[in-house]
Amino acid sequence: MAIKNITWKSYLPTCFKVKCLPSESRLRVLKQDSIQRLSLADISDPGSPLSASDLSNSVIASNLHIFTLAELKEITNDFSSSNFLGEGGFGPVHKGFIDDKCRPGMEAQPVAVKLLDLDGTQGHREWMTEVVLLGQLRHPHLVKLIGYCCEDEHRLLVYEYMARGNLQNQLFPRYTSSLPWLTRIKIASGAAKGLAFLHGEEKPVIYRDFKTSNILLDSDYTAKLSDFGLAKDGPEGNETHVSTRVMGTHGYAAPEYVMTGHLTTMNDVYSFGVVLLELLTGKRALDKSRPAREQNLVKWARPFLKDPHKLDRIMDPRLEGQYSMEGAKKVASLAFQCLSHNPKSRPTMNNAVKILELVLNLNDIPVSSFVYIAPMECKRKEDDPKAIQYEEINEGKLKGNVNQIHQEKGERKKEKGYYRHMHQPSSRAVYSDTACSV
Ligand SMILES: Nc1ncnc2c1ncn2[C@@H]1O[C@H](COP(=O)(O)OP(=O)(O)O)[C@@H](O)[C@H]1O
Ligand SMILES: [Mg+2]
């Protein structure tokens, strides 16, 4: 059954306490037959926030299910710790299961339910940004928003469930082997396509918080971007940038953005370069436990990227040499360009996609009989991969599937260093480096 066409006005009377309706021209409300996306600027304008009736005219309402808090409590077993998946700046995320008992005709499927932490630093605006963006944008490399809940002060989001959790946990596992080379490139390529899609929209979107914990992985390691709370509309027309408060995560945010607050799609490209570097080296963007000069990954590793002879000094030792030399050089050169201090010298995400697709097709991975990947101890019975999995390597080419390798840890651990209440764009304050430390 198709999703019901719901009007926001009737479902969200407590969400939008708007005294007067903003003018039609100002809001540029998206009609069903229009290709223009609803602007995020309308959300952040405190003088004239989006109203329920504005949204009821948009495609957003017809794309999403609206859940009650009681329903979401039920499907997550009252947000029990055994269903806990992860947590960032918005609040905890729990696994749940929906089927046609929840809504007649609803496809039975696992979901992830993100609940606003009412004592936290995020709130209605970040929730609304996710609803407005993911309610309108659909792409194989963006996580699918299934619905939401807005009751009194409660704000929740219901997404498709991503079986392998976030890239951070997969790339830096505590007890198991890390990801094989081609899996890393597949993930980089998928995430790059997600960003390229956002940047290529008629009204470009700047994601603003690209990092390993916001890249989610499907059972076959298809990467999807999640967590759109900080996303912003990009510059349009003759504008070169948009000016904002500086928000994002230490270690990933582009230096010129941190210095000036000037936001462009090139800021995302820089963050993409940081993630590429993490994929190459197996090291976190920031890590206080490393020797002082190696704590900031970009500062330490960037000089090695331009010299192919020095590249093996920074490659992840856990790859045990099982990677394409040619591919590593191409990825290193791409990361080097993405991390350029001059935003104009950075490649577009479309170019990054092309390079990564090339690397995916290279066949020069050294021959080895097989790589054994030990399964991780399972927390939940239904997640048990049961069998030991292998990756066969035959005649220098990876064969077969990249099978179940790791389990999400699902540890209740807050992402650290998530900075939101930043300074004004003119400020040159230096933030404490707390992101990504464990
Ligand atoms: N759809 C999902 N499927 C599986 N796990 C998820 C899903 N969404 C979020 N998570 C887990 O919850 C964590 C926090 O989610 P995220 O959307 O980044 O929240 P925040 O906005 O609080 O940073 C993710 O890093 C991931 O581990
Ligand atoms: Mg997050």
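Is N214 buried or exposed? N214 is buried, with a relative accessible area of 2%, where buried means under 20% relative accessible area, exposed means over 50%, and partly exposed lies in between, with a 1.4 Å probe and protein chains only.

Before I go on, a word on the model and its conventions. This is a predicted model, in which local features need pLDDT of at least 70 and side-chain atom pairs count only at pLDDT 80 or more, while totals for chains, interfaces and linings use all residues. Residues are numbered from 1 along each chain as its sequence is written, chains are lettered from A and ligands numbered from 1 in the order in which they are written, and side-chain values use heavy atoms, with hydrogens and water left out.

Let me return to N214 and the metal. The magnesium ion, ligand 2, is coordinated at 2.2 Å by OD1 of N214 and by OD of D227; donors here are N, O and S atoms within 2.8 Å of the metal, or 3.2 Å for Na, K and Ca, and since water is not among the atoms, sites may look incomplete. N214 sits in the loop between β7 (205–206) and β8 (215–217), and D227 in the loop between β9 (223–225) and β10 (232–233), so the pair ties together parts that are 13 residues apart in sequence. The helices (H or I, at least four residues) and strands (E, at least two) that I name are DSSP runs, numbered from the N terminus. D227 also counts as buried, at 11% relative accessibility.

D227 leads us on to the other ligand. Which residues come nearest to ligand 1? Of the 20 residues around it, they are F90, K114, E160, S213 and D227, a residue being near a molecule or strand if one of its heavy atoms lies within 4 Å of it. As for polar contacts, which are pairs of N or O atoms within 3.5 Å (within protein, one must be able to donate a hydrogen and the other to accept it, and residues adjacent in sequence count only if both atoms are side-chain atoms), a nitrogen atom of ligand 1 is 2.8 Å from a polar backbone atom of E160. An oxygen atom of ligand 1 is likewise 2.8 Å from a polar backbone atom of S213, and an oxygen atom of the ligand lies 3.5 Å from a polar backbone atom of G91.

On its own, ligand 1 has 550 Å² of accessible area, and the protein covers 99% of that; these areas come from the Shrake-Rupley method with a 1.4 Å probe, and for residues only the protein chains shown count as cover. The elements that give two or more residues to the shell are β2 (84–87), β4 (109–115) and β6 (154–160), with the largest share, 3 residues, coming from β2.

Finally, some features of the chain itself. Helix α7, residues 124–134, is mostly covered, with 9 of its 11 residues buried, among them W127 and L134. Y221, in the loop between β8 and β9, has a positive phi of about 65° although it is not a glycine, and this residue is buried, with a relative accessible area of 0%. H262, by contrast, counts as partly exposed at 32% relative accessibility.
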